Amino acid sequence: QVRLLESGGGLVQPGGSLRLSCAASGSIVSINAMGWYRQAPGKPRELVAAITNGGTTTYADSVKGRFTISRDNAKNTVYLQMNSLKPEDTAVYYCNAPGIVTMTGYKYNSWGQGTQVTVSS
């Protein structure tokens, strides 16, 4: 069974920084792209950043220049470094892997349980 586990959320003041981590566990052979999404109350879930297994990245316009996504393929872990945080960044952040090759097959669209990020003074 494949699982994604996020960590690193919390309460931070505007202008502060947080680093989120998402570790995938299970009988994993390889993971293609990995990404971070977020969902604020009353709003739809939106893509924040994504990274391929080759290191190509993409970002939402609202976080470009402030957030950095990276991954450690050997650890099946993806990170999101968030700097210059704003109150509008407040949301539950979810880790996503659209496709994971496992020892028994292929698992589509895996999600973590989410981690709360609150930016407030």
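## Val 63

Leaving out residues up to four places away in sequence, Val 63 touches Arg 38 and Val 48. Contact here means heavy atoms within 4.5 Å. Val 63 sits in the loop between strand E7 (57-59) and strand E8 (67-72). Strands (E, at least two residues) are DSSP runs, numbered from the N terminus.

Val 63 counts as buried, at 1% relative accessibility. Buried means under 20% relative accessible area, with a 1.4 Å probe and protein chains only. Met 82 is 19 residues from Val 63 along the chain, and their C-alpha atoms are separated by 8.5 Å.

## Basis of the model

This is a predicted model, in which local features need pLDDT of at least 70 and side-chain atom pairs count only at pLDDT 80 or more, while totals for chains, interfaces and linings use all residues. Residues are numbered from 1 along each chain as its sequence is written, and side-chain values use heavy atoms, leaving out hydrogens and water.

## Ser 110

Strand E11 (residues 105-111) holds Ser 110. Ser 110 is buried, with a relative accessible area of 5%. Neighbours within four places in sequence aside, its contacts are Val 2, Leu 4, Cys 95, Asn 96, Ala 97 and Ile 100.

## Thr 115

Thr 115 belongs to strand E12 (residues 115-119). Its relative accessibility is 11%, so Thr 115 counts as buried.

Beyond residues up to four places away in sequence, Thr 115 touches Glu 6, Gly 9, Leu 20, Ala 91, Val 92 and Tyr 93. For Gly 9, the backbone nitrogen lies 3.3 Å from a polar atom of the Thr 115 side chain.

Methods: Helices (H or I, at least four residues) and strands (E, at least two) are DSSP runs, numbered from the N terminus. Buried means under 20% relative accessible area, exposed over 50%, partly exposed in between (1.4 Å probe, protein chains only). A polar contact is a pair of N or O atoms within 3.5 Å; within protein, one must be able to donate a hydrogen and the other to accept it, and residues adjacent in sequence count only if both atoms are side-chain atoms.
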